[in-house]
Amino acid sequence: TNTWALHHINLTIRYGERIAIVGMNGSGKTTLIKLLCRLYEPTEGKITLNGQDIQSIEVDKYRCLFSVVFQDYHLFSFTLGENVACSSEYHACSVYDAMKKAGGLSWVENLPQKLETVFFHDFEENGEEISGGEAQKVAIARAIYWKAPFLVLDEPTAALDPRMECEIYKNICQLVDESGIIYISHRLSSCRFCSKVLVLHEGEIVQMGSHDELVRDKAGKYHELWYAQAQFYQ
């Protein structure tokens with residue numbers, strides 16, 4: 001393509017910040033995250049960590065800084081505990097804690113074998129079939145479980161209703177205090193819990209500020225997006 005996915009991006013993310021990235025489809029939100037996680041390499045410019053070009057850091061060591069849930073996550077035909085930990089060995093208390101923060105604790109407590117409940121029927125005749133919303137909570141719990149310095153959520157709550165999404169994001173902001181958090185969501189209600197909102201449009205950051213600041217700017221893109229959604233809830 002001759003069109004830049006992102007250009008003129010100048011951004012500093014500090015440890016412990018709660019950041020929301022919003023914008024229309026195709027504005028470059030997921031591309032920005034994949035660059036940050038070194039799944040893509042920048043064509044021009046550079047990304048630095050504490051002033052050091054991330055290209056000079058061992059890639060596996062660098063990626064350990066991020067715990068990410070993308071839209072296309074996958075669950076496996078193993079137990080709930082193994083799915084959250086991505087390992088045959090896991091700490092039960094940490095899995096329960098992660099599921100609580102992801103809004104799925106009551107569901108876990110109602111499962112026939114709790115953390116030992118096997119998903120799907122590939123290897124277990126009585127395996128548990130789970131809904132899209134339950135699967136998303138497991139995927140979010142998986143990211144929380146690893147307690148990486150940065151937790152990245154790239155629209156992992158699309159199968160949840162707006163109220164549940166808002167509740168989960170609120171819980172994460174209040175209860176996950178050991179990580180910086182970066183959200184991508186089309187539902188702008190989640191931006192209320194963030195200290196900084198980045199508005200992307202056609203590959204550029206066109207606005208940056210708090211939710212309250214941006215929603216007051218009637219000429220800005222954020223105001224347009226906010227009230228485009230608000231009309232459906234009035």
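I began with the second largest pocket, whose lining has eleven nonpolar, two polar and two charged residues by class. I count Ala, Val, Leu, Ile, Met, Phe, Trp, Tyr, Cys and Pro as nonpolar, Asp, Glu, Lys and Arg as charged, and the others, Gly among them, as polar. The model is predicted, so local features need pLDDT of at least 70 and side-chain atom pairs count only at pLDDT 80 or more, while totals for chains, interfaces and linings use all residues. Residues are numbered from 1 along each chain as its sequence is written, and side-chain values use heavy atoms, with hydrogens and water left out.

**Entry: second largest pocket**

I took a pocket as an open set of points on a 1 Å grid over the protein atoms alone, where a 1.4 Å probe fits, with protein on both sides within 12 Å along at least five of seven lines; lining residues have an atom within 4 Å of a point. A volume is the space filled by probe spheres set on the points, with grid points joined across faces, edges and corners. For the second largest pocket I read a volume of about 300 Å³. It is lined by 15 residues, and Ser67, Val68, Val69, Cys86 and Arg142 are the closest to its centre. Strand E4 gives the most to this lining, with four residues; E4 and H6 each supply at least two. Helices (H or I, at least four residues) and strands (E, at least two) are DSSP runs, numbered from the N terminus.

**Entry: largest pocket**

I then looked up the largest pocket, which has a volume of about 1100 Å³. Of its 37 lining residues, Ile9, Leu32, Leu35, Lys46 and Ile47 lie nearest the centre. The elements that give two or more residues to the lining are H1 and strand E2 (48-49). H1 gives the most, with five residues. By class I noted 22 nonpolar, eleven polar and four charged residues in this lining.

**Entry: helix H1**

Which residues of H1 (residues 29-36) are buried? I found Lys29, Leu32, Ile33, Leu35 and Leu36, where buried means under 20% relative accessible area with a 1.4 Å probe and protein chains only. Seen down the helix axis, these buried residues fall within an arc of 160°, so they line one face of H1; the arc is that of the directions from the axis to the C-beta atoms. They pack against strand E1 (18-22), helix H2 (59-63), E4, strand E5 (150-154), strand E6 (180-184) and strand E7 (196-201). Just after H1, I noted a positive phi of about 65° at arginine 38.

**Entry: cores**

I define a nonpolar core as a set of buried Ala, Val, Leu, Ile, Met, Phe, Trp, Tyr and Cys residues joined through side-chain atoms within 4.5 Å. The largest has 43 residues, and Leu80, Met99, Trp107, Ile172 and Tyr222 have the most contacts inside it. Helix H6 (residues 132-145) gives the most to this core, with eight residues. A second, separate core of 19 residues includes Leu32, Leu36, Cys37 and Ile184.

**Entry: two single residues**

I looked up threonine 79, in the loop between strand E4 (66-69) and helix H3 (80-85). Threonine 79 counts as buried because its relative accessibility is 7%. Leaving aside neighbours within four places in sequence, its contacts (heavy atoms within 4.5 Å) are Tyr90, Leu115, Glu116, Thr117 and Val118.

Last, I checked tyrosine 169, in helix H7 (residues 162-175). Tyrosine 169 is buried, at a relative accessible area of 0%.

Note on methods. Buried < 20%, exposed > 50% of the residue type's maximum accessible area, 1.4 Å probe, protein only.
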